[in-house]
Amino acid sequence: MSNTLLRIYPSELKIPFELKRQNSGILELTNKTDHHVAFKVKTTNPRKYSVRPTTGIVLPRGSCGITISMQPPKEIPTDYHCKDKFLIQSVVVEDGTTQKDIHSDMFSKEAGKVVEEFKLRVVYIPANPPSPVPEEEEDEIDSLDSDVDHEVQMPSTFDAASRKGYTSGSQASHDEDLLKKKRSSSDGGFTALFVPFVFAFFVFIGYLMAGSNV
């Protein structure tokens with residue numbers, strides 16, 4: 001059966017669990033009516049919890065916060081399971097009623113009186129949830145990536161420098177072969193011109209010697 005007087009949030013009391021340290025959970029009560037509503041908080045383990053406030057008045061369409069603190073636990077329960085429960089009772093009261101006017105008889109179930117009850121259990125949650133990756137580690141990863149990029153770029157830089165003026169060993173060998181071919185072709189041309197010249201010279205000398213004998 002849903003409550004018509006108060007809306008209670010959250011529906012479970014979540015308290016961070018940490019050994020030897022006190023932690024708290026918060027509940028919010030919202031008045032869904034146009035009347036003053038009184039509330040009272042009860043628990044199955046009153047020595048373990050501190051509730052502020054334990055009673056109070058919620059104004060029409062207003063809200064009220066309740067802080068529930070758990071005593072520092074001395075041991076870890078099995079599977080972090082908690083069997084403790086809370087009960088919140090609420091009842092419509094006359095306008096002008098204050099917290100000092102609240103007494104136990106207000107929440108007694110009698111004929112013609114509507115006393116609503118809302119039960120909720122205690123749920124332990126991690127006190128220190130895992131944190132995201134620190135920024136320092138992300139920066140280190142980026143630095144490693146930039147180093148890899150630099151290594152990849154090094155061969156192309158060397159090739160560019162070679163094209164600007166540096167020749168490789170294979171290129172130098174090719175140029176030397178071309179130079180040898182040019183020299184051998186020049187020597188061959190000189191020999192071809194020198195032989196006819198020598199032949200013509202000896203013919204001319206023979207002609208002169210023949211004329212002198214006559």
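Modeller: V51 has I68, in β7, as its bridge partner. The model is predicted, so local features need pLDDT of at least 70 and side-chain atom pairs count only at pLDDT 80 or more, while totals for chains, interfaces and linings use all residues. Residues are numbered from 1 along each chain as its sequence is written, and side-chain values use heavy atoms, with hydrogens and water left out.

Four bridges join β5 to β7 (residues 63–70) in the antiparallel sense; strands are DSSP runs of E, at least two residues, numbered from the N terminus, and two of them pair if DSSP finds at least two bridges between them. Both belong to an open sheet of four strands, ordered β1-β3-β7-β5 with antiparallel pairing. Its edge strands, β1 (6–9) and β5, each pair on one side only. On average, neighbouring strands of this sheet are turned by 20° against each other, direction ignored, the axes being lines fitted to C-alpha atoms, with angles from 0 to 180 degrees between N-to-C directions.

P53 sits in the loop between β5 (49–52) and β6 (55–58). With a relative accessible area of 27%, P53 is partly exposed, a class that lies between buried (under 20%) and exposed (over 50%), using a 1.4 Å probe and protein chains only. Leaving aside residues up to four places away in sequence, P53 touches F39, V41, G65, I66 and Q99; contact means heavy atoms within 4.5 Å. The C-alpha atom of P53 is 8.6 Å from that of K40, 13 residues apart along the chain.
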